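Hi,

Here is the structure I promised to pass on. Have a look at it first, and then read my notes below.

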Amino acid sequence: MPSRDKKWWIALATVVLGSFVVLLYMGMRIDHSKPPVPTSVVAADGTQLISEGEIMDGQRVWQSIGGQQVGSIWGHGAYVAPDWTADWLHRESTFLLDGYARADGAKDHASLDTEKQAALQARLKKAMRTNTYDARTGTVTLAPGRAEAYKANSAHYADIFTHGHEQYAIAKGAVKDHEAMQKMNAFFWWSAWAASTDRPDGSESYTANWPHEPLVDNVPTTTNVLWSIVSFILLLGGIAGMVWYHNMSDEDEVTDEAPANDPLLGYQATPSQKATLKYFFVVGGLFVLQIAMGILSAHYGVEGGALYGIPIDRILPYPVVRTWHTQLGILWIATAWLATGLYVAPAVGGREPRLQKLGVNVLFWALILVVLGSMAGEWLSIRGSLGYGTELSWWLGTTGMEYLDLARAWQIGLFIGLFLWFFLMARGMWPALGRAKAAGHVEPTDQAPLQSGSQRTLVAMLLMSCLAIASFFGAAFGMGHDTHLSVTEYWRWWVVHLWVEGFFEVFATVVIAFLFSRLRLVRPAVAATATISSTTIFLFGGIIGTGHHLYFSGSDSVVMALSAAFSALEVVPLALIGFEAIRNLRILKVSEWVAGYKWAIYFFVSVSFWNMLGAGVFGFLINPPISLFYVQGLNLTPLHAHTALFGVYGMLGIGLMLFCVRSLMPGREWNERWIKWGFWGMNGGLLAMSLLSLLPLGLAQAWASISVGTWWARSSDFLYTPTLTVLRWMRTPGDILFALGALSIGLFMVGLLTGHSYRDHAPLHRAGSVEAQQDEEGVGA
């Protein structure tokens, strides 16, 4: 192994081990600093309002009906209904102020002059921010008037979830059980209490004063402002360092000695590789279904109970549609990448392991079972058919946690499937490590076409990324049916951030390096070093940067400081992402036969663009603590989520899919019309929905949040003003264009079977390298 690679391996090991030590330390601090869950809440006269266990029971009820897909708590969740924390806090505050005013003989608080209003607000602040939690008895005693406010808010929310609320996209009968509703009210109250009551040892709430609510002096903390400034400085310094590092490197990764013909021409795919083809067709189906659910969920924002007058919420309530939309996005992207890995493994190892094809087929049907089973369970749970907050809803319905909505049984199934995938990957690639160790380097053979040059580093990196993908989904088991919300969020973001946004990116980087190396379009030794170095740099900020999701979920100032600093560094590598796009475009000009892979490479180029815009610009727009304090839970968050998750990982999944399908069918000329429309339709549609709707809508909400409060930015009174209604409708052009692009890709995949995606119109089973493939593999099934 070259000495430079050894140095990077040491650096990578240091970064990963050190970062996870810090991340675990942050988890310990969150567990220590999380808001307590009272065993009892009593009024000033001793009347009990909430009894032991009701708050946690309420959290379970909330999760079973969709949880974070029905509005949000502490800013995490859906955006159509209110943030229940901010909404409860504001309603309770105004109820108390009006009560104080009426006791003084006034009509309400708004009718008083400025001086009297200030006096009553000071009284309110004392009542709301004074921490009356008794750790010895586990009891919270409410100040006078707060018991009446609790009852008024409880009646208001019971009416919403019982009779429905069109502007919140909450269907009639969302919660049919009165006792379950009362428990969920207790949970809503607790989330607002934790957000407005000072910690025993400080002058800030358990959620670092989030949400912004001037009535109770919920404003940014000193830590928030200081570390936001530090994060900007670190970002600028980090970008300067990356520019210097890039200029110091004088090795060109793109080769100038490309072969005259496609090296995969005439390559005979193995049985297990042929078996992966059906994965890609399922990817297309899940992709189209996810887009359909996305269009429906967006439409619920403007017509909360119907689709152009058709009351579809009776069958598909908004929480079901949004759950499927977010979950399918993860599942189809993951399926595309798993299939890519299964295709690559035998071509790297040089042999078809015994029963590899059987393993690939078993994994395929296991994934189908998880997808369909989880979707059915979520539909039943959200409609109340599995009970409210029951063990059955937890195991077979939904966890109610965004992006991790899979119920526990389906999580276990997916976890087992991922390790089966790792096993298939490892046994397929393991021979290449032995050959590389013995010979010092490996060269491509007919049996191992994807090994070439100094590839030991790439093989090891690929195996490590596969193990990380399988292992880190296990973080989902850190949250249980009765786990505190702060701890649940901590482990949820381990999966969402590290699994989806971290190790999948490492996996994709390595796979692309493999494919380009095998086609002899990049220099293997340089590609190997570039892969391990970029992984090290990315994970340096990415692992600890997970904490930027946890600023206001019960963490303390130390967690905020570490998270803000490393989250800024997470953006640094994206500053030079344009060089990656330039490299990919240069590859297209290396040789004429590379044009066969043109659209796969174009999708890789679009990944670079969205990495820069979605993950970089839109990500840093919301990541600093001072920014997130005002915009958490507003439409700037889905702006980042859509452009980073789909723009990067979705486009990458499609690019990998096209690359593998092209490799399985070398020498056949594609009819590129459908891919061309698909590429420009999806990229243009994503850009349109971002710039015409999500960005201006998010900025308008940010203005409302800064000037008035978080509750106002999420309220139906604000969101249904004429201007914002138009902005929400402006998603329609982008959604339609995007959907047409996705449909075009789907039609292209179907055309591979019928022959209409080839210029000679020959159907798939006549292709030389995959002859009789449908008979052998049952692709039709």
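Confidence first, as this is a predicted model: mean pLDDT for the protein chain comes out at 86, with 89% of the residues at 70 or more. The stretch to watch is 764-781, where pLDDT stays under 50. The model does have 39 contacts beyond four places in sequence for those residues. Still, where pLDDT is low, the predicted coordinates should not be read in detail.

Now for a helix pair. Helix 9 covers residues 277-300 and helix 10 covers residues 318-349. Their axes come within 8 Å of each other and cross at roughly 155°. Since an angle over 145° counts as roughly antiparallel, that is how helix 9 sits relative to helix 10. The crossing is left-handed. As for what lines the contact between helix 9 and helix 10, its residues split into 17 nonpolar, seven polar and one charged.

The other thing I looked at is F552. You'll find F552 in the loop that links helix 16 (524-542) with helix 17 (557-571). Is F552 buried or exposed? Its relative accessibility is 1%, so F552 counts as buried, the cut-off being under 20%.

What does F552 touch, leaving aside its neighbours within four places in sequence? The list is W74, T207, A208, W210, N224, M560, P625, L628, F629 and Q632. Take L628 from that list: F552 and L628 are 76 residues apart in sequence, yet their C-alpha atoms are 9.1 Å apart in space.

Cheers

Notes. Residues numbered from 1 in each chain as written. Predicted model: local features only at pLDDT ≥ 70, side-chain atom pairs only at ≥ 80, totals over all residues. Heavy atoms only, no water. Axes fitted to C-alpha atoms, helices over the stretch in contact; angles between N-to-C directions. Helix = DSSP H or I, 4+ residues; strand = E, 2+ residues; numbered from the N terminus. Parallel < 35°, antiparallel > 145°, perpendicular 65-115°, else oblique. Left-handed = near helix turned anticlockwise from the far one by under 90°. Nonpolar A, V, L, I, M, F, W, Y, C, P; charged D, E, K, R; others polar. Buried < 20%, exposed > 50% of the residue type's maximum accessible area, 1.4 Å probe, protein only. Contact = heavy atoms within 4.5 Å. pLDDT = per-residue confidence, 0-100.
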